[in-house]
Amino acid sequence: MTTALPQPLPQPLRNVRVLSLALNLPGPAALMRCARMGAECSKLEPPPAPGYPSADPMGIYSPAAYATLHQGVRVVHAHLKTTEGQATLHAELASTDVLITSFRPSALAKLGLSWEALQSKYPRLSLVRIVGAAAERAEEPGHDLTYLADAGLVTGTEMPPTLYADMGGALMASEAVLQALLERAHTGSGVCIEVALADAAAWLAQPRDWGLTTPEGDVGGNHAGYRIYPCADGRVAVAALEPHFAASLCAAAGLPATGDPQVLRAPATHAAVAAFLRTQTRAQLDALAVAQDIPLHTLA
């Protein structure tokens with residue numbers, strides 16, 4: 001029996017040159033996605049200080065993450081506040097299709113990289129400008145945690161499990177690269193697209209805003225088929241939301257096999273499902289998932 005080889009990923013950005021000046025996480029993560037889509041990616045960083053591996057903070061506090069983010073990326077060193085650094089930058093820009101930045105707008109202007117200046121010199125160049133918050137708030141300082149807090153995604157005092165705004169912003173920035181190139185194909189001119197990390201957090205918060213993930217929502221704990229339960233030796237994340245999955249879960253728990261949402265929202269159903277799962281080990285539940293086609297994932 002032959003095993004099918006994985007299909008190569010589409011390369012919609014082949015023959016496209018992307019240059020990034022963005023440090024930390026969102027910009028490099030966006031550039032990594034562009035490289036995976038076939039773009040020729042370069043990043044301009046300041047030269048590292050003596051004794052340090054990189055001038056990018058990520059390269060200092062997480063070298064492994066930095067290495068992953070920069071696979072296939074050509075890194076060029078230059079001080080943008082010097083004549084030599086500006087010459088290096090503009091030599092790169094002359095053959096660049098999309099520039100990614102993460103400076104505040106005022107800092108870009110001081111470097112001669114306002115959108116107006118870029119457009120006048122490089123009319124086919126597009127700018128993807130990553131900022132913390134949009135428009136008049138673009139000069140405000142902030143980080144992933146503050147943008148999540150502003151979007152209502154921070155509860156209690158526990159830290160979020162990942163950097164949602166940064167990674168969501170990176171997705172939006174790589175999408176903006178595609179948008180810019182599609183627009184240039186229509187008009188012949190580059191465009192400036194602002195990507196705000198606060199907007200990325202707000203986008204991720206929309207299911208909560210719609211009531212889907214609040215305690216009263218079916219994917220917020222109100223549906224017995226979509227919850228996290230204790231089991232005999234750990235936990236189990238159950239996602240039996242659709243009626244046929246919910247019916248299989250109910251049957252396994254010794255209840256009438258029904259996918260009726262009203263029944264699945266009833267306290268008695270919650271109690272019965274919880275009581276059943278508490279008696280099952282993770283191995284038993286993994287086997288049940290396969291045998292009865294129930295979407296679940298066991299956790300220690």
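**Entry 1: A240**

I looked up A240 and found it in the loop between β8 (234–239) and α11 (243–252). Helices (H or I, at least four residues) and strands (E, at least two) are DSSP runs, numbered from the N terminus. I am working on a predicted model, where local features need pLDDT of at least 70, side-chain atom pairs count only at pLDDT 80 or more, and totals for chains, interfaces and linings use all residues. Residues are numbered from 1 along each chain as its sequence is written, and side-chain values use heavy atoms, with hydrogens and water left out.

Is A240 buried or exposed? A240 is buried, because its relative accessible area is 0%. Buried means under 20% relative accessible area, exposed over 50%, and partly exposed in between (1.4 Å probe, protein chains only).

I then listed contacts, meaning heavy atoms within 4.5 Å. Leaving out residues up to four places away in sequence, A240 touches H223, G225, F245, A246, L249, I294 and P295. I also checked A240 against A252, 12 residues along the chain: their C-alpha atoms are separated by 12 Å.

**Entry 2: The cores**

Next I looked for nonpolar cores. Such a core is a set of buried Ala, Val, Leu, Ile, Met, Phe, Trp, Tyr and Cys residues joined through side-chain atoms within 4.5 Å. The largest has 40 residues. L13, V18, C41, I100, V128 and V177 have the most contacts inside it. Several elements each supply at least two residues of this core, including α1 (26–36), β5 (126–131) and α8 (164–187). The largest share, 7 residues, comes from α8.

What does C41 touch, not counting residues up to four places away in sequence? I found V18, L31, C34, A35, G72, V73 and R74.

Another core, of 21 residues, lies apart from the largest one. Among its residues are A224, A246, L249 and I294.

**Entry 3: The largest pocket**

A pocket is an open set of points on a 1 Å grid over the protein atoms alone, where a 1.4 Å probe fits, with protein on both sides within 12 Å along at least five of seven lines; lining residues have an atom within 4 Å of a point. The largest pocket holds about 800 Å³ of space. A volume is the space filled by probe spheres set on the points, which are joined across faces, edges and corners.

I noted 36 lining residues; L23, N24, S102, G142 and H143 are the closest to the centre. Which element gives the most to this lining? The answer is α7, with 3 residues.
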